[in-house]
Amino acid sequence: MIRSQRWKGAAFTVPFQLGFVFLYLLPIGYAVYQSMFLQKQSGLGLGSATKEFVGLENYGQGLTDAAFMTSILRVVLFACVQTPFMLLVSLVLALALDAVTSKVAGRFRILLLVPYMIPGVVAAIVWVNLYSPEVGPLTPLGELFGFDWNFFAPSMVWPAIGNLLTWHGIGYNMVIIYSALQGVPRELFEAARLDGASELRIALSIKVPFVRGALVLTALLSIIQMLQIFNEPALFRNVTPQTVSDSFTPIMIIYNQAFNAGNYHYAAALSVLLALILGVASFLFYRLTSREAD
């Protein structure tokens, strides 16, 4: 009977297992397979192309590709600045919602989730138009207060993209952190208040340590998202190609290699390399934060 119940319970995971195999494992395996080959043409390149096995040659080329490595360093530095700022804003909002009644928190929680409900491409298009000096309201508003800013300038592109991603992601991260706050025993707050602790002291000494796991989770998801950023820089490139190049981020390089240059095998190798970098970065971040928690 116990074995039968176990099989019945495992049957509920079949849809997920099938999706994981067909949508993740098989595409990854196919990418690894394609990365082992290379299209070569004989003579002066006028003959038909042949597919040859080259082993790890594409990976070696990717590891020595200065544009690819520079793009990875660029998004890593961006993630190191944008992710802590976004999580700080999300944490402050979650603490503010936890301090009010559940009825008021429910209303504002839905309001803060609205940006996350908007598709990323649509949100990027909206903000690109807001940033536009021709049709957007932000440039005239800045001039009204004496600011001469250009959101498409080289020094402002990353802050503009970071503001877009923060606006789009704070609601999602806030909900995760707020849900973790709901699990904190309320008796601790009452005991702290009886000891004379202020609300700020309660937040810093009780609430924040209790939601450390949620902060680690949201930080990990944000880092993975930052390293795979594509939609926002691609739309910015349509507006300011002189500032945002086609090698601005790793995904943009992979996209151009696959669909513009037609070098699918090299693009597959770069995809696998990026996946490995993401896996290593996620593992190191998790191990580091776990040690700090211990």
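Helices here are DSSP runs of at least four residues, numbered from the N terminus. In this predicted model, Thr83 lies in helix α4, which spans residues 66-98.

The side chain of Thr83 reaches back to the backbone oxygen of Ala79, at 3.0 Å. Beyond its neighbours within four places in sequence, Thr83 is in contact with Ala219, Ser222, Ile223 and Met226.

These contacts belong to a helix pair. Ala219, Ser222, Ile223 and Met226 are among the residues of α11 that meet α4. Helix α11 covers residues 212-227. Two packed helices are described by the angle between their axes and the distance between the axes. For α4 and α11, the angle is about 140 degrees and the axes are 9 Å apart. The crossing of α4 and α11 is right-handed. On the α4 side, the residues in contact are Val75, Val76, Phe78, Ala79, Gln82, Thr83, Met86, Leu87 and Leu91. On the α11 side, they are Leu215, Thr218, Ala219, Ser222, Ile223, Met226 and Leu227.

Phe78 counts as buried, at 8% relative accessibility. Residues up to four places away in sequence aside, Phe78 touches Trp158, Ile161, Gly162, Leu165, Met226 and Ile229. Met226 is in contact with Thr83 as well. The C-alpha atoms of Phe78 and Pro159 are 9.1 Å apart in space, although the two residues are 81 apart in sequence.

Aromatic pairing was examined next. The structure holds 16 aromatic pairs. One of them joins Trp127 and Tyr131 in a tilted arrangement, with 5.5 Å centre to centre and 45 degrees between the planes. Trp127 and Tyr131 are separated by about one helical turn, because they are four residues apart in helix α6 (residues 120-131). Both Trp127 and Tyr131 are buried. Tyr131 also forms a tilted pair with Phe236, at 6.1 Å centre to centre and 50 degrees between the planes. Tyr131 lies in helix α6 and Phe236 in helix α12 (residues 231-239), so this pair ties together parts that are 105 residues apart in sequence. Phe236 is buried, as is Tyr131. Trp127, Tyr131 and Phe236 are members of one aromatic cluster, which also includes Phe147, Trp149, Phe151, Phe152 and Trp167.

Lysine side chains were found over aromatic rings elsewhere. The charged end of Lys51 sits over the ring of Phe37, 4.8 Å from its centre. Lys207 lies over the face of Phe189, at 5.0 Å from the ring centre.

Phe37 has a further partner in Asn58. Asn58 is found in helix α3, residues 57-63. Asn58 is buried, with a relative accessible area of 0%. Not counting residues up to four places away in sequence, Asn58 touches Ser35, Phe37, Leu38, His265, Tyr266 and Ala269.

Phe16 has its place in helix α2, residues 14-34. Phe16 is exposed, with a relative accessible area of 56%. Its C-alpha atom is separated by 46 Å from that of Ser198, a residue 182 places away along the chain. Glu187 lies in helix α9, residues 186-194. Glu187 counts as exposed because its relative accessibility is 59%, and exposed means over 50%. The C-alpha atoms of Glu187 and Ile254 are 53 Å apart, and the two residues are 67 apart along the chain. Ser155 is found in a loop, between α7 (138-144) and α8 (157-182). Ser155 is exposed too, with a relative accessible area of 61%. From Ser155 to Val104, the C-alpha atoms are 40 Å apart in space, and the residues are 51 apart in sequence.

Methods. Residues numbered from 1 in each chain as written. Predicted model: local features only at pLDDT ≥ 70, side-chain atom pairs only at ≥ 80, totals over all residues. Heavy atoms only, no water. Helix = DSSP H or I, 4+ residues; strand = E, 2+ residues; numbered from the N terminus. Polar contact = N/O pair within 3.5 Å; in protein donor to acceptor, adjacent residues only side chain to side chain. Contact = heavy atoms within 4.5 Å. Phe/Tyr/Trp six-rings, centres within 6.5 Å; stacked < 30°, edge-to-face > 60°. Buried < 20%, exposed > 50% of the residue type's maximum accessible area, 1.4 Å probe, protein only. Lys NZ or Arg CZ within 6 Å of the ring centre and 35° of its normal. Axes fitted to C-alpha atoms, helices over the stretch in contact; angles between N-to-C directions. Left-handed = near helix turned anticlockwise from the far one by under 90°.
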